[in-house]
Amino acid sequence: MPFQPNNKIIIITAPSGAGKTSITRFLLREFPQLSFSVSAATRSARTNEKNGVDYYFLSTDDFTRKIQHNEFVEWEMVYEGKYYGTLRSELERIWNNHQVPVLDIDVKGAIHVQQQYPDTTLSIFVEPPSVEELKRRLSSRGTETEESLQARVNKASYEISFKHHFRKIILNDQLDKACRAAKEAVQEFLKAEGIRHKA
Ligand code: 5GP
């Protein structure tokens with residue numbers, strides 16, 4: 001399906017552990033017209049994660065084949081050897097359903113999507129209160145090894161330096177306050193014809 005000018009996209013981006021998944025879930029509960037964009041990924045599924053719900057879990061060969069066939073809107077090697085990407089077919093599936101996809105993706109991927117669809121994308125950067133707090137949140141989640149925790153923390157500092165590329169920056173020092181700010185931004189975006197660019 002060719003891209004339609006009214007096919008909107010919402011991106012929630014942030015360093016890992018900044019709270020973007022909680023804000024994404026909140027928005028999906030608040031707005032029935034939003035639909036989670038399921039990414040493709042080559043990492044293995046965590047306990048409780050389901051194929052086709054949390055991610056389309058692919059082998060590296062399958063992922064590479066899809067890159068060659070130009071099936072991704074964007075893809076990144078988010079962590080060493082692990083690919084993540086947004087499939088065109090996933091956005092089209094959601095648009096065909098007359099809904100707005102919500103992408104929970106990393107900073108580089110978010111910049112790429114925004115560059116491709118500048119007039120119809122609302123990008124929200126969720127800023128953690130500090131790198132120390134981020135480290136604490138990631139440790140308490142208990143899904144990381146010491147090595148992968150350090151990789152995520154290093155990447156976070158780098159990603160925060162890109163925050164001004166996004167249309168909306170929301171500080172997540174209190175989750176309910178951050179959710180309210182995100183809700184307002186989405187409400188306004190859903191009502192608008194498109195993005196009004198800064199002069
Ligand atoms: P996790 O392994 O914790 O599920 O996700 C790791 C990171 O990959 C998160 O920052 C997440 O937002 C990001 N991510 C998930 N899907 C995509 C995607 O399709 N593209 C990009 N660029 N990043 C993604």
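I count Lys and Arg as positive and Asp and Glu as negative, leaving out His and the chain ends. I place each charge at NZ of Lys, CZ of Arg, CG of Asp or CD of Glu. On that basis I find 28 positive and 26 negative charges in the protein, with mean positions 3 Å apart.

I note that the model is predicted, that local features need pLDDT of at least 70 and side-chain atom pairs pLDDT 80 or more, and that totals for chains, interfaces and linings use all residues. I number residues from 1 along each chain as its sequence is written, and side-chain values use heavy atoms, without hydrogens and water.

Overall form. I looked up the radius of gyration, taken over C-alpha atoms, against the globule rule of 2.2 Å times the number of residues to the power 0.38. The protein has 16 Å, which agrees with the value near 16 Å for a compact globule of 199 residues. The C-alpha atoms fill a box of roughly 45 × 40 × 30 Å along the principal axes.

Secondary structure. I find 7 helices and 9 strands, as DSSP runs numbered from the N terminus (helices H or I, at least four residues; strands E, at least two).

Trp75. I locate Trp75 in strand E5, residues 72–79. Its relative accessible area is 36%, hence partly exposed, because buried means under 20% and exposed over 50% (1.4 Å probe, protein chains only). Leaving out residues up to four places away in sequence, Trp75 touches Phe63, Ile67, Tyr83, Tyr84 and Gly85, where contact means heavy atoms within 4.5 Å. I also recorded Ala40, 35 residues from Trp75 in sequence and 8.9 Å away, C-alpha to C-alpha.
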